[in-house]
Amino acid sequence: MPYQKFQPESLMMSFGHQSGMARGAVKAPVYQTSTFAFETAEEGKDFFELAYGLREPVNGEAPGMIYSRLDNPNLEILEKRLSLWDEAEACAVFSSGMAAISTTIFEFLKPGDVLLYSSPLYGGTVHFITEVLTRYGIQVLPFYYHQQPEDILRQLNAKRQVQRVAMIYIETPANPTNRLIDIEAMSTLAKTLSTEDRQVLTVVDNTYMGPLWQHPLQLGADLVVYSATKYIGGHSDVIAGAVLGNKEMVERVKGLRTFFGSMASPYDAWLLTRSLETLKLRMEKQTRNAQRIARFLQNHPMVERVHYLGLLTEADDDQYRIYQKQCSAPGAMLAFEIRGGEKEAFTFLNNLKLIKLAVSLGSTESLAQHPATMTHAGIPEDVLAEMGISEKLIRLSVGVENVRDLISVIEHALEKAAEVREAEMAVS
Ligand SMILES: *Cc1c(COP(=O)(O)O)cnc(C)c1O
């Protein structure tokens, strides 16, 4: 067989670590150290000059380890492995998804800039954008999935903000309704808004689909961010985040990471490299399970509507077109509207066995939650309505369990919700 480039899943067990580096250890040790000894004072001087950009590297010289807030072997290995999935030039890992997101946004925005962002976004990101960024003189402007780039441009023109846009920040599919935004179209809009001396960046939160089922950098995005707490970590035992893109931009983000001190810890990085070994296996199994569950829900009399990418059809028009273009699988996140209201939704959640009632997603175990009163609590009712979040909506993050077991516990909880609904109808 002719030599071919190995696929990421073949490289997750070893890439970036040679056993010779650590007394033959097949697996990289945890470099649980805060600081690193220099062989000589001259070496220490060289490392600092390179790390602080005081001179250009000669002959591909790279800075050695100095201090674990700047870099650490476990971070380096994790960043190399994560880069493979998105075919990114560089990666920076963080102590949380929010640390990755806030550090990235801060690095590229300054007072007077305008940030365009898709709505809905992850709640923490919305809070950071609308409550924190705005304190620093940054203007923020949401747009919805159904708005075309031309509409957005018209809106910017009307507000005389065209020349000030610095970043377009998007999350797709959007949580919890799985609405899609066209990454390619938004990157094109960013390029249209860019001038010779001002590059408008497109940043995509790829937590829901990545790094397997969607590759924003290949669709024209400049940076991709992750909550590595979700699929990348995948076991609900680590909080972490990542940013990927070209070397120059990621180096800038790493610079600010050094001063915010928001890097991942050596042990968390080590746990994540362990998780990456099974990333594809997990995500494939979770996706297969979700497909089966979505079909089951779609045919259940207690379910009004299922929001799942795998159920999109040509009748869904634009959404179907975007899905075909930018996703390679439907993923394992779904939401559905139960017949009735909050009471039926809560009865369903309270009667779920096996599936935990908890926020977060992407883990080996299945999780369920009620967006209107949990992840999206505190959002004004009209905004919730615009986002398509009602009291009937339940979100499921599908895990790796036996799918027949999952379907049987969902069926049982739906029956309980049906009983409550019948009793209510009898009274009224
Ligand atoms: C969880 C999540 C975040 C925040 O990540 P943390 O690791 O909790 O800080 C950001 N974006 C999305 C889409 C998420 O699901």
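What follows is a working chat about a predicted model.

Biologist: Before we start, what should I keep in mind about the numbering and the cut-offs?
Modeller: Residues are numbered from 1 along each chain as its sequence is written, and side-chain values use heavy atoms, with hydrogens and water left out. This is a predicted model, in which local features need pLDDT of at least 70 and side-chain atom pairs count only at pLDDT 80 or more, whereas totals for chains, interfaces and linings use all residues.

Biologist: Where does Ser-68 lie?
Modeller: Ser-68 lies in the loop between helix 2 (41–51) and helix 3 (73–86), where helices (H or I, at least four residues) and strands (E, at least two) are DSSP runs numbered from the N terminus.

Biologist: Buried or exposed?
Modeller: Ser-68 counts as buried because its relative accessibility is 11%; buried means under 20% relative accessible area, exposed over 50%, and partly exposed in between, with a 1.4 Å probe and protein chains only.

Biologist: And which residues does Ser-68 touch?
Modeller: Not counting residues up to four places away in sequence, Ser-68 touches Thr-33, Ser-34, Phe-36 and Met-263, contact meaning heavy atoms within 4.5 Å.

Biologist: Switching to Ser-397, where does that one lie?
Modeller: Ser-397 lies in strand 12 (residues 393–397), and at 2% relative accessibility Ser-397 counts as buried. Leaving aside neighbours within four places in sequence, the residues in contact with Ser-397 include Ala-332, Met-333 and Gly-362.

Biologist: What does its side chain reach?
Modeller: The side chain of Ser-397 reaches the backbone nitrogen of Gly-362 at 2.9 Å.

Biologist: New topic, the open sheet: what is the strand order?
Modeller: The open sheet of seven strands has the order 1-7-6-5-4-2-3, with mixed pairing; two strands pair if DSSP finds at least two bridges between them.

Biologist: Which strands stand at the edges?
Modeller: Strand 1 (90–94) and strand 3 (139–144) stand there, each with a single partner strand, so one side of each is left without a neighbour in the sheet.

Biologist: How many bridges join strand 2 to strand 3?
Modeller: Six bridges join strand 2 (residues 114–119) to strand 3, and the two run parallel; Leu-115 has Val-140 in strand 3 as its bridge partner.

Biologist: Which strands does helix 5 touch?
Modeller: Helix 5 (residues 123–132) packs on the sheet and touches strand 2, strand 3 and strand 4 (165–171). Helix 7 (residues 183–193) also packs on the sheet, touching strand 3, strand 4 and strand 5 (201–205).

Note on methods: A polar contact is a pair of N or O atoms within 3.5 Å; within protein, one must be able to donate a hydrogen and the other to accept it, and residues adjacent in sequence count only if both atoms are side-chain atoms. Axes are lines fitted to C-alpha atoms, for helices over the stretch in contact, and angles run from 0 to 180 degrees between N-to-C directions.
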